[in-house]
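Biologist: I would like to learn how to read a sheet and an interface. Could you take me through an example?

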Amino acid sequence: MNLNRDGDTLMTLMGTTGIDFPGGTVDFIPEMKFIYGSDKERIPCYRVLDDNGQPIADHNFVQVSEEVAVKMYTDMVTLRSMDTIFYEAQRQGRISFYVTAIGEEAINVASAAALAMDDVVFPQYREAGVLLWRGFTLQEFANQLFSNKYDNGKGRQMPAHYGSNKHNYVTIASTIATQISHAVGAAYSLKMDKKDACAVTYFGDGGSSEGDFHAALNFAAVMEAPVIFICRNNGWAISTPISDQFRSDGVVVKGQAYGVRSIRVDGNDALAIFSAVQAARKMAVTEDRPILIEALTYRVGHHSTSDDSTKYRPANEIEWWRVARDPVARFRKWIENNGWWNDRAESELINNLRQRLLHTIQVAESVEKPPLADAFSDVYDIPPSNLREQEQWLKEIVKEQPQEYPANISV
Amino acid sequence: MDYGFCDLLVLVCLIEDPGSKMWGVVRHKSIRPAFSTIRHFSSAAKEINVREALNSALDEEMSADPKVFLMGEEVGEYQGAYKISKGLLEKYGPERVLDTPITEAGFAGIGVGAAYYGLRPVVEFMTFNFSMQAIDHIINSAAKSNYMSAGQISVPIVFRGPNGAAAGVGAQHSQCYASWYASCPGLKVLTPYSSEDARGLLKAAIRDPDPVVFLENELLYGESFPVSAEALDSSFCLPIGKAKIEREGKDVTITAYSKMVGYALKAAETLAKEGISAEVINLRSIRPLDRATINTSVRKTNRLVTVEEGFPQHGVGAEICTSVIEESFGYLDAPVERIAGADVPMPYAANLERMAVPQIEDIVRAAKRACHRSVPLAAAA
Ligand SMILES: Cc1ncc(C[n+]2csc(CCOP(=O)(O)OP(=O)(O)O)c2C)c(N)n1
């Protein structure tokens, strides 16, 4: 552009048709026209499989091999069994808290399947399936839930707040949405290090109301950070329906507002999720850009074990999503049609799973709790004298007054 | 006044009977006369739990002043994460009981703005741990505006919710913020223990012209306490900045707030059996701090144990200790003992969690040490 602003150039700059403004030319129009807050026409939703697991005509999706598809399916089923059995364990008072991902298995597992292991995951709390896909064992899940000495979080975090360095899965924070901005920071650092990887963060529709979400999208766009934002829009944030959460056309339109390439996907269609995430990853990593994916889904379970959702939403709504829109059943039909799965494989998987899960609980429960010293480590590299003193005191008190302290601590 | 009183009893009944949505209709017609009868018989102290106390205080203040409104995550339809706002949406409608999106910085800031323009918001945080998302508005917007505007803008807002350790909810749900907020000029910080505290202090907070941080405790919500007829009256209110001597004693002063008051009282019982008479001060207000009551007590007992659940460094105990050193140093017969949470983020595992928060035994031991009744435990440490 000619920066010599003589009369002529200025005329082109401020021409009758438009103004060349940072970001591109903005057209002039004579009508006074307000942009509506939300269009009547909503952003469409990308889907590959219909409710019966049949590919929709003219679909375009990334091919999935038999091996990957079967692992996706078994992980989705495993996640559901895990949720059922661990949820029961909480109801029996054996652990204090649990959250299920029932109804959101496709988002969990199919997104994980489309990522590379080096991609760093910043989860909310309803994405245990990502960790499962990456190889975290059922016993490791159980150890965390029972906070025993083999819990790799040393018994410090609430149940279901998993974290594993080995699996590039950042320890879950209870504070909603803080992970979203952390993911952008991490993505920036991956970019600086020229890594062939991106950061991926998951959050709910509720999480998108926090300032962190907005700061994260804006920064990601400005910093050109390779990060994928995956919003699980499941209709509810505890008892708050999305109509009380925002009045925009969901979350996908916010990406556009921040200049972030975005797509809305059927969250209960594993193939659509897989395809969208894989395409997103490619753009993020090769073009250094953020991508927002809004997955439309439904939280079929209660918010957590502290909640009874029938108090605030109709049972038939839950039932419809549970049965008619079940992502696991839909994907099963597809792999069955491909000849990759059958009833025998199914019953083997299910029987086996229940036994294995009950066993992990028994094991996790019988293992000793973390040692007393674990209460004091990991705040300081070298513990200062006052902390060492406190620890010493505590050990002596526990020895002196064992009746005052739980029996299962190793001092 | 009579009006409010009846209202309260109706509400208590409402809490005990989580029955149908019919309440809103039936309430005024059939229930009220029944209660005027009961009132004659209720000279004996009635018991209500802290949840009921908070709920009734909110209800009475909302009914007394149309400018008072409640705002926060899940306060309406869900009636609060801990059911503190039970029945209020039905009674006052969605304009005065507002369910918000999950944006703490949003509703704290919007609350402050509403308070600038004459409303009296009560903002509920699901827990004070999440108030960290909004602390800029609490400190920079709410606490400082009156001063910065040379008294032209007052900010009559209450930030309330559970604070400190509950049970089994880990580091990010378990922190005590009393000393954080109490270090900031412009804020008042209240910490109720009993049902009487909860009623009297919440009403005081709502009526106060300045921002008040009101720190409740989840584990106390279900605990019942006897409440006098006076405390049940809708005119009841407690002074901000005044501590309460919960138990008189002469050998050692124990200061505590919130849940720790109960622990201190239990410790005092144990100590009494061993011939030590402990005076237990329920601080009630962390800012302003009732230095006079604390110092008067220490001048009598000559010994002090401070108890808090928060972290020790720069804590409430440290402030109390300084006050006593400054004003009553010559009266002390023993070093001040400070009991506080361990200097680590709260662990989740139940065994570690128990060791990270003060126990009754810790208070007993510290009091005995102060009275020279036992050798310090860690002679070799
Ligand atoms: C900062 C913060 N505020 C409030 C909460 C309490 N809280 C926990 S989960 C939740 C709802 C989140 O809903 P959403 O993001 O939609 O996720 P979903 O549970 O539907 O998967 C809320 C409000 C919290 N943990 N952190």
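Modeller: Start with one pair: B:Thr253 stands opposite B:Glu279, a residue of strand 11 of chain B. Strands here are DSSP runs of E, at least two residues, and helices are runs of H or I, at least four, numbered from the N terminus. This is a predicted model: local features need pLDDT of at least 70, side-chain atom pairs need 80 or more, and totals for chains, interfaces and linings use all residues. Residues are numbered from 1 along each chain as written, chains are lettered from A and ligands numbered from 1 in the order written, and side-chain values use heavy atoms, without hydrogens and water.

Biologist: In which sense do strand 10 and strand 11 of chain B pair?

Modeller: Strands of a sheet pair through backbone hydrogen bonds, either parallel or antiparallel. Pairing requires at least two DSSP bridges. Strand 10 (residues 252-256) and strand 11 (residues 278-282) of chain B are parallel, over 5 bridges.

Biologist: What is the strand order in the open sheet of chain B?

Modeller: The order is 9-11-10-13-14, with mixed pairing. Strands 9 and 14 of chain B each have a single partner, so one side of each lacks a neighbour in the sheet.

Biologist: How much area is buried between chain A and chain B?

Modeller: The size of an interface is often given as the accessible area lost when the parts come together. The value here is about 3600 Å² (1.4 Å probe, summed over both parts). Carbon and sulfur atoms give 57% of that area. In chain A, A:Met158, A:Glu210 and A:Ala375 lose the most area to chain B.

Terms used:
Buried area = accessible area lost by both parts, 1.4 Å probe.
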